[in-house]
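Let me put the thing on the screen and then talk you through it.

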Amino acid sequence: MPSTKYPSFLFLLLLTAPLFASAARCDKADKSALLAIKAAFNNPPDLSSWTSNTSCCTWDGIDCNATTGRVTSLTVFALNISAPIPSAISKLTALQSLNLAYNRLYGPIPPFIGLLPELAFLRLDGNLLTGTIPSTLTIFDLSLVGNRLTGPLPLSFAKANFADVDLSDNKLTGDASFLFGRDKNLNALHLSNNSFKFDLTKVDIPKGLDILVIDHNEIYGSIPAEVAAMKWLQFDVSYNQLCGPIPQGRYTRRFGAKHFDHNKCLCGAPLAQCK
C-alpha cells in the first residue's frame, strides 16, 4: 500500500507557506510612498531593489509588519544622497524607525516627521540640515548630531519622554536645562559643540542617566553633587564655564582631566586641588 505521508520537505513547505506569504505582503499605499521617496532621492543605484514589480517588504532598508504589511522601518543610510527630506515619508503612518543618517540631506527638518504616530527612533545625523528643530520632534530616541541646526530648543522638549538624545555638533543656542529632570527616563544626553548656556547647578540629574557629554558649550554654575553617585558610562563637561569642586565618586574618578579641563574654576581630582 503506498504511503499517504508527504515527503518531509513538502510538509515543511506547506507549513511555512503562509509565513512566506505574510512576510512578502506589502501595503499598496506604503509601496507608492516608498517609490515616491526613491524618486525624490533621484533614484540612487543603492535603491535598485525598490521596484514596482516586487514586494516592498523585500526591499533593502525596509521592514514590514508581517500581519498588516505596513512599513515599520525605513533605513537609507550613508548613500550620499543630496536632496531635501521627502514629503512622502508622511504617508508611512505605521513607521516606527526612520534612519536617514550620513547622507547629504539639506533644508529644514519637516514638522510632519514628529507627527508620525508610531515613530520612536529617528536618526538624521551626519547631514546638512538647517533651520530650527521643529516642536513636534519629541521622538523617544533622537539623533540630530552633525548638522547645521540653529536657534534654541523647542519648549515642547521640556515635557518630552526621551531616552537617548544627541544634538551634538550643531549651532544650537540658549537653555537646554529643561531636558534634565529627576524622574525623566533619559539614559543618554549629548550636547557637545553647540552654544548652550544654562546653570548646571540647578538641574536635577535623571536617575537613569549614564551618559552625559556636554563639552564645548557655555554652561556655567557647578557640577551637581548627585553626579558622584551615578554610574557613568561616558561623562564630559570640558570647555564650559563651570566652577567649584568636582564631586568625587567611584565612577567620576574613571575620567581623566581632559573630561573636566578648560572651565572657569573647576577644582579637585583629577584637576588641581581646591584652594
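Let's start with the cysteines. If you number the bonded cysteines of the protein chain in sequence order, the pairing reads 1-2, 3-4, 5-6, 7-8. That makes 4 disulfides in total, and keep in mind that this is a predicted model. I'll go through three of them, including the one at C26.

C26 and C56 form a disulfide with their sulfur atoms 2.0 Å apart. The torsion about the S-S bond is 100 degrees, and the link of C26 and C56 is right-handed. And what does it tie together? C26 is in the loop between α1 (8-24) and α2 (28-40), while C56 is in the loop between α2 and β1, so the bond connects parts that are 30 residues apart in sequence. As for burial, C26 comes out buried with a relative accessible area of 18%, and that sits just inside the cut-off, which is under 20%. C56 is buried as well, at 0% relative accessibility.

Next, C243 and C265. A disulfide joins these two, and the S to S distance is 1.4 Å. The torsion about this S-S bond is about -95 degrees, so the C243 and C265 disulfide is left-handed. The pair links distant parts of the chain, with C243 in strand β16 (residues 241-245) and C265 in strand β17, 22 residues apart. C243 is partly exposed at 28% relative accessible area, and C265 is partly exposed too, at 33%.

Then there's C267 with C274, where the S to S distance is 2.0 Å. The torsion here is about 95 degrees, so the C267 and C274 disulfide is right-handed. C267 is buried at 13% relative accessible area, whereas C274 is partly exposed at 38%.

While we're at that end of the chain, look at P270. It's in the segment after β17 (265-267), and the peptide bond from A269 to P270 is cis, with omega near 10 degrees. As a reminder, most peptide bonds are trans.

Okay, zooming out. How many helices and strands does the protein chain have? There are 2 helices and 17 strands. The radius of gyration is 24 Å, well over the 19 Å that the globule rule gives for 275 residues, so the chain is more spread out than a compact globule. Along the principal axes, the C-alpha atoms fill a box of roughly 95 × 50 × 30 Å. Of the 275 residues, 46% count as buried. If you take contacts between residues at least 6 apart in sequence, 33% of them join residues at least 24 apart.

Back toward the start of the chain. UniProt has an unreviewed entry that lists residues 28-65 as "domain: Leucine-rich repeat-containing N-terminal plant-type". Over residues 28-65 the chain is 34% helix and 8% strand, and the end C-alpha atoms are 13 Å apart.

Now the strands. β1 (residues 62-64) and β2 pair in the antiparallel sense over 3 bridges, and C64 has V71 in β2 as its bridge partner. The two strands form a hairpin with 6 residues between them, and G69 in the turn has a positive phi of about 75 degrees. On its other pairing, β2 goes with β3 in the parallel sense, again over 3 bridges, with T75 partnered by N99 in β3. β2 is mostly covered, with 4 of its 5 residues buried.

The loop between β2 (71-75) and β3 (97-99) holds A78, and N80 is in that loop too. A78 isn't a glycine, yet its phi is positive, about 55 degrees. N80 also has a positive phi, near 60 degrees. On accessibility, A78 is partly exposed at 41%, while N80 is exposed at 57%.

Last one: the open sheet. Its 5 strands run in the order β4-β6-β8-β10-β12, and the pairing is parallel. Within it, β10 (residues 171-174) and β12 pair over 2 bridges, and T173 stands opposite S195 in β12.

That's my tour, so over to you.

Methods: Residues are numbered from 1 along each chain as its sequence is written. This is a predicted model: local features need pLDDT of at least 70, side-chain atom pairs count only at pLDDT 80 or more; totals for chains, interfaces and linings use all residues. Side-chain values use heavy atoms; hydrogens and water are left out. UniProt positions are given in the numbering used here, feature names are shortened, and annotations may be inferred rather than shown by experiment. Buried means under 20% relative accessible area, exposed over 50%, partly exposed in between (1.4 Å probe, protein chains only). Two strands pair if DSSP finds at least two bridges between them. The radius of gyration is taken over C-alpha atoms; the globule rule is 2.2 Å times the number of residues to the power 0.38. Contact means heavy atoms within 4.5 Å. A disulfide is a pair of cysteine sulfur atoms within 2.5 Å.
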